[in-house]
Amino acid sequence: MHGPSGAPSADPPAITLQPKSPATPEPAPKGPTSGPAQKPAGPGTAEARPAGVKKVTVRPGDTLWALARTHGTTIKALQRLNGLGSSTLIYAGNQLRVAGIPSSPDTARQPTATPPTTTQKPAVKSRAKSAPNTVITYARAQLGKPYIWGGTGPRGFDCSGLVMRAWQAAGVKLPRTTWGQIHAGTATSRARLVPGDLVLSYGGGHVGLYIGNGKVIHAPRPGRTVTIAPLPDRGKIVAYRHIHP
């Protein structure tokens, strides 16, 4: 070892209040009026009626945000009607009570909300692609430095110290010794090795960093320096480990 949607519910019918008629009709004016004839009140000139409550069946892929947008209501209204509290979890096959919000010229003019965008996935993909390059660049910069038992740089390294520091440069923390690194990441095979993978040999007491083209960078033993070497023979390998950024 180196290093220490459904039927509407039965709700009461909506009632529309009409203005009270005068006791006696007023005589019609004999001549034309001075102003334009009054038009019937349009939407928004009187208090709008709330839409009726109905039930919808949740389909796979539905979200509270999408249902609120489709039925002209809000997430908070859906949560209140269905006793969800502050939760936004809904399940396919369940039925939800839905009531539209009152319509008015102001609400009609409001722009349609758009769901928030995320940039996390591209960032993760970018990191996964760049991490092995960072690892190999660090390891190559140590070429020629002496092997030091328990060394973790910058003056010298042992085999596991070099691997640990190289992956640390890419933001990944590995165990200090080969006995810990043999369990790091996930198992892979010789045919599927990619730059940055760990190659453990000699009973698990030595580790090298695969750099492609059948070669590794490693700190061999006392008296030697960090160098590039061919992959060890298959019979000497005990594990190939793929590290996930």
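Start by selecting valine 163, which touches Leu174, Gln181, Leu198, Val207, Gly208 and Leu209, leaving out residues up to four places away in sequence; a contact means heavy atoms within 4.5 Å. This is a predicted model, in which local features need pLDDT of at least 70 and side-chain atom pairs count only at pLDDT 80 or more, while totals for chains, interfaces and linings use all residues. Residues are numbered from 1 along each chain as its sequence is written, and side-chain values use heavy atoms, with hydrogens and water left out.

Select helix 5 (159–168). Helices (H or I, at least four residues) and strands (E, at least two) are DSSP runs, numbered from the N terminus. Eight of the ten residues of helix 5 are buried, where buried means under 20% relative accessible area, exposed over 50%, and partly exposed in between (1.4 Å probe, protein chains only). The buried ones are Cys159, Ser160, Gly161, Leu162, Val163, Met164, Ala166 and Trp167.

In what order do the six strands of the open sheet run? The order is 3-8-4-5-6-7, with antiparallel pairing; two strands pair if DSSP finds at least two bridges between them. Strand 3 (186–187) and strand 7 (227–230) are the edge strands, each pairing on one side only.

- Strand 3 and strand 8 (residues 237–242) are antiparallel, with two bridges; alanine 187 has arginine 241 of strand 8 as its bridge partner.
- Strand 4 and strand 8 are antiparallel over four bridges, and arginine 241 is also the bridge partner of leucine 198.
- Strand 5 (residues 206–212) and strand 6 (residues 215–218) pair in the antiparallel sense over three bridges. Tyrosine 210 stands opposite valine 216, and glycine 212 opposite lysine 215.
- Strand 6 and strand 7 run antiparallel, joined by four bridges; lysine 215 stands opposite proline 230 in strand 7.

Zoom in on the turn between strand 5 and strand 6. The two strands form a hairpin with two residues between them, and asparagine 213 in the turn has a positive phi of about 55°.

Bring helix 5 back into view. Helix 5 lies across strand 4 (198–201), strand 5 and strand 6, at about 45° to strand 5. Axes are lines fitted to C-alpha atoms, for helices over the stretch in contact, and angles run from 0 to 180 degrees between N-to-C directions.

Select glutamine 142, in the loop between helix 4 and helix 5. Is glutamine 142 buried or exposed? Glutamine 142 is buried, because its relative accessible area is 5%. Its side chain reaches the backbone oxygen of tyrosine 138 at 3.0 Å. Beyond four places in sequence, glutamine 142 is in contact with Pro154, Phe157, Leu162 and Val226.

Next, select arginine 176, in the loop between helix 5 and helix 6 (178–181). A polar contact of 2.8 Å joins its side chain to that of serine 160. A polar contact is a pair of N or O atoms within 3.5 Å; within protein, one must be able to donate a hydrogen and the other to accept it, and residues adjacent in sequence count only if both atoms are side-chain atoms. The arginine 176 side chain also reaches the backbone oxygen of glycine 150 at 3.1 Å.

Then select arginine 221, in the loop between strand 6 and strand 7. Arginine 221 counts as partly exposed because its relative accessibility is 47%. The C-alpha atoms of arginine 221 and aspartate 158 are separated by 7.4 Å, although the two are 63 residues apart along the chain.

**Confidence**

Finally, colour by pLDDT, the predictor's confidence in each residue, from 0 to 100. The chain averages 77, and 67% of the residues score at least 70. Residues 31–50 stay under 50, and the model has eight contacts for them beyond four places in sequence. Residues 103–111 also stay under 50, with four such contacts. Where pLDDT is low, the predicted coordinates should not be read in detail.
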